[in-house]
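Student: I would like to learn how to read the sheets, helices and ligand surroundings of a model like this one. Could you take me through them?

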Amino acid sequence: MKEKDSRFSQYDPATQLIRAGAGYAEHGFVNPAVYHASTVLFPDVETLAARSQAYVYGRDGTPTHRALEQAIAVIEGGHSALLCPSGMAAIATTLLSLVSAGDHVLMTDSVYRPARHFCETVLRRLGVETEYYDPLVGAGIERLIRPNTRLVYTEQPGSQTMEIQDIPAIAAAAHRAGALVVIDNTWATGRFFKAFAHGADVVVTAGTKYYGGHSDVMLGAIVMSEPLARQIDLGHHALGACCGPDDAYLALRGLRTLDVRLQQHMANALALAQWLEQRPEVDQVLYPALPGDPGHALWARDFTGASGLLSVILKPVTREAVAAMLDGLELFGMGYSWGGFESLIIPFDPRGYRTATRWEKGPALRIHVGLESVNDLMADLDAGFRRLDTPR
Ligand SMILES: *Cc1c(COP(=O)(O)O)cnc(C)c1O
């Protein structure tokens, strides 16, 4: 676990992303070494017994890990950060560190689906009940909070369905009742949404996405407020949830260019979203930076930018036509994850697993808008829409 260094608070985010964690480099090199390590040697019995040195065992991290933890803690705005082998491991480690048998968890119905799966399997077996809430609930969350509600788990925008939540209202109600607020901040990152300033106690983030930024690393991080740091650090230690030094290094390398990448993802996504809105095949574009998006007012109030992930609702059309559109795309790959430099597209349908809200919109596509020329992306989708209009 590494605490953020308050010296960085004087800088703008773009500078923080360049400088934070740089102190771990040695011998004049710009970047820290990649330490492959299990054993760390101690100079004498006394130091060994007291574990009184900065590094004690590879599982607890090396200077490579500390550099990334510090940089993520600074940019997310929390007290300290821990690394995990994936975003999902960060979610699981956070929940297992904070809840106990008999606790109640309120989780957004728009949550990343594997997080819901974790609650319905592991947490349920351990005697923790999870109840799902409408992401648009706002201050109304108050009515759902019970005496044993330990935490409210939020994510925004919603995975695939892109709802923006009123986090300050939810956090105020949760804190009045003594409950914690956990936010999955993967979409915006700390660059575009300052979760702690809006009421979060813990941020989980899939570093696999924008921090890594190149589709070549699996990594997660937990960012904590000071009162929770020790408890989550204990849970993280007990679970042995460490990540490899090469992955930490790749994510640190990705993080250095996060600002310019996110600015370009946003510019491309906004241009593509506006173009998609004009297409006759499109019923609705879900992207909070669009003035017509249902979450736009909250987004404009709370965020300083939007990343490259958006969703599109098509007018009624057959599965075969959608397949004809997607199968022939040249620049949009089909596959899970997102946040790399390249554009991706997948169809989705949340009707089967939502429980607190109903999703009744037509065929839907999730698009990650990459860093290609947006004109080329439009031409590729334009050809795709023509295949959609004239099914084989
Ligand atoms: C991808 C994702 C995760 C999980 O990250 P992995 O590194 O793939 O385990 C968690 N939350 C959100 C919102 C995601 O998009």
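Tutor: Let us begin with a helix on a sheet: helix α3 (residues 63-76) lies across β1, β2, β7 and β8, and runs at about 125° to β2. Contact here means heavy atoms within 4.5 Å; axes are lines fitted to C-alpha atoms, for helices over the stretch in contact, with angles from 0 to 180 degrees between N-to-C directions. Helices (H or I, at least four residues) and strands (E, at least two) are DSSP runs, numbered from the N terminus. Helix α4 also packs on the sheet, where it touches β2, β5 (149-155), β6, β7 and β8, and its direction makes about 155° with that of β7.

Student: What should I keep in mind about the model and its numbering?

Tutor: The model is predicted, and local features need pLDDT of at least 70, side-chain atom pairs count only at pLDDT 80 or more, while totals for chains, interfaces and linings use all residues. Residues are numbered from 1 along each chain as its sequence is written, and side-chain values use heavy atoms, with hydrogens and water left out.

Student: In what order do the eight strands form their open sheet?

Tutor: Strands of a sheet pair through backbone hydrogen bonds, either parallel or antiparallel. Here the order is β1-β2-β8-β7-β6-β5-β3-β4, with mixed pairing, where two strands count as paired if DSSP finds at least two bridges between them. The edge strands, β1 (2-3) and β4 (129-133), each pair on one side only. Strands β2 and β8 pair in the antiparallel sense over five bridges, and Leu83 stands opposite Ala221 in β8.

Student: Which residues of α8 are buried?

Tutor: An α-helix has 3.6 residues a turn, so residues three or four places apart point the same way. In α8 (residues 226-239), the buried residues (under 20% relative accessible area, 1.4 Å probe, protein chains only) are Leu228, Ala229, Ile232, Gly235 and His236. Their cover includes β2 (80-84), α4 (87-98), β6 (180-184), β7 (202-206) and β8 (220-224). After α8 comes Gly240, whose phi is positive, near 65°.

Student: Which residues come nearest to the ligand?

Tutor: A residue is near a molecule if one of its heavy atoms lies within 4 Å of it; of the 14 residues around the ligand, Gly87, Met88, Asp184, Thr208 and Lys209 come nearest. A polar backbone atom of Met88 is 2.8 Å from an oxygen atom of the ligand, and an N or O atom in the side chain of Thr208 is 2.5 Å from a ligand oxygen atom.

Terms used:
Expected span 1.5 Å × (residues − 1). Buried < 20%, exposed > 50% of the residue type's maximum accessible area, 1.4 Å probe, protein only. Polar contact = N/O pair within 3.5 Å; in protein donor to acceptor, adjacent residues only side chain to side chain.
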